[in-house]
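Subject: Structure for you to look over

Hello,

Here is the structure I promised to pass on. Please open it beside this note and follow along. My findings come after it.

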Amino acid sequence: MTATPNTDKELVLDRLIDAPRDKVYRCWTEPDLIKQWFAPKPWTTPKVDIDVRPGGACTVTMADPEGNEYPNPGIYLDVVPNEKLVFTDAFAAGWQPTDKAFFTCELTFADEGGKTRYIARAKHWTLEDKQQHEQMGFHEGWGQCADQLEALAKTL
């Protein structure tokens, strides 16, 4: 089974991760764990401020190798523990609209033969945003991060 985009504005990463889904989910919902895998190396994730509940704010800050920080604010739209997380950058804390909505992310976690079927859907507002995300290296970057996520989840 391989997940495919539902629209022409969607990018999809589909992986079978060799770790139980509760561990994979923890890697997405515990700040100390997020910091260990979220950015593709050599980038880092020095700051994570999350309130994992529908309407809860999240800001995950990535840093490039020179130490320049890039905060990514958003809001959780849907949270089903160990099954699903949906968040968007269209809003920040207090449902304040951000300057430019780029995408909504839908993550699903499902049991599959003792492993986790992990699907990340990046749903973009425009076709141009989707193309920009592809050119930024969506498949390579999110793929590398999925490898880092798997390596960490296996240790929990």
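**Helix 1 and the sheet**

Helix 1 (residues 21–29) lies across strand 1, strand 2, strand 4, strand 5, strand 8 (103–112) and strand 9. Its direction is about 155° to that of strand 8. Contact here means heavy atoms within 4.5 Å. Axes are lines fitted to C-alpha atoms, for helices over the stretch in contact, and angles run from 0 to 180 degrees between N-to-C directions. Helices (H or I, at least four residues) and strands (E, at least two) are DSSP runs, numbered from the N terminus.

Two notes on the basis. This is a predicted model, in which local features need pLDDT of at least 70 and side-chain atom pairs count only at pLDDT 80 or more, while totals for chains, interfaces and linings use all residues. Residues are numbered from 1 along each chain as its sequence is written, and side-chain values use heavy atoms, with hydrogens and water left out.

The sheet is open and has seven strands, in the order 1-9-8-5-4-3-2. The pairing is antiparallel. Two strands pair if DSSP finds at least two bridges between them. Which strands stand at the edges? Strand 1 (10–17) and strand 2 do, each with a single partner strand, so one side of each has no neighbour in the sheet. On average, neighbouring strands are turned by 20° against each other, direction ignored.

Some pairs in detail:

- Strand 1 and strand 9 (residues 115–124) are antiparallel, over eight bridges. Ile 17 stands opposite Thr 116 in strand 9.
- Strand 4 and strand 5 run antiparallel and are joined by five bridges. Ile 75 has Thr 88 of strand 5 as its bridge partner.
- Strand 5 and strand 8 also pair in the antiparallel sense, over five bridges. Val 86 stands opposite Glu 106 in strand 8.

Strand 5 is largely enclosed by the rest of the structure, because four of its five residues are buried. Buried means under 20% relative accessible area, exposed over 50%, partly exposed in between (1.4 Å probe, protein chains only).

**Core**

The largest nonpolar core has 34 residues. Trp 28, Leu 107 and Tyr 118 have the most contacts inside it. Helix 4 (residues 138–153) gives the largest share of this core, seven residues. A nonpolar core is a set of buried Ala, Val, Leu, Ile, Met, Phe, Trp, Tyr and Cys residues joined through side-chain atoms within 4.5 Å.

What does Leu 107 touch, leaving aside its neighbours within four places in sequence? Its contacts are Trp 28, Glu 83, Lys 84, Leu 85, Phe 87, Tyr 118, Ile 119 and Ala 120.

**Pocket**

The largest pocket holds about 1000 Å³ of space. Its lining has 37 residues. Nearest its centre lie Phe 38, Met 62, Asn 72, Phe 103 and His 133. Helix 2, strand 3 (57–63), strand 4, strand 5, strand 8, helix 3 and helix 4 each give two or more residues to the lining. Strand 4 gives the most, with six residues.

On a 1 Å grid over the protein atoms alone, a pocket is an open set of points where a 1.4 Å probe fits, with protein on both sides within 12 Å along at least five of seven lines; lining residues have an atom within 4 Å of a point. The volume is the space filled by probe spheres set on the points, which are joined across faces, edges and corners.

His 133 sits in helix 3 (residues 127–135). His 133 counts as buried because its relative accessibility is 6%. Not counting residues up to four places away in sequence, it touches Leu 11, Phe 102, Phe 103, Ala 122, His 124, Phe 138 and Trp 142.

Gln 131 is also found in helix 3. Gln 131 is partly exposed, at 36% relative accessible area.

**Backbone points to check**

Most residues other than glycine have a negative phi, and most peptide bonds are trans. Three places here are worth a look.

- Asn 82 has a positive phi near 65°, in the hairpin of strand 4 and strand 5, which has three residues between the strands. Asn 82 is partly exposed, at 27%.
- Trp 95 is not a glycine, yet its phi is about 60°. Trp 95 lies in the loop between strand 6 (91–92) and strand 7 (96–97), and is partly exposed at 43%.
- Lys 41 and Pro 42 are joined by a cis peptide bond, with omega about 20°. Pro 42 is in the loop between helix 2 (31–37) and strand 2 (44–50).

Best wishes
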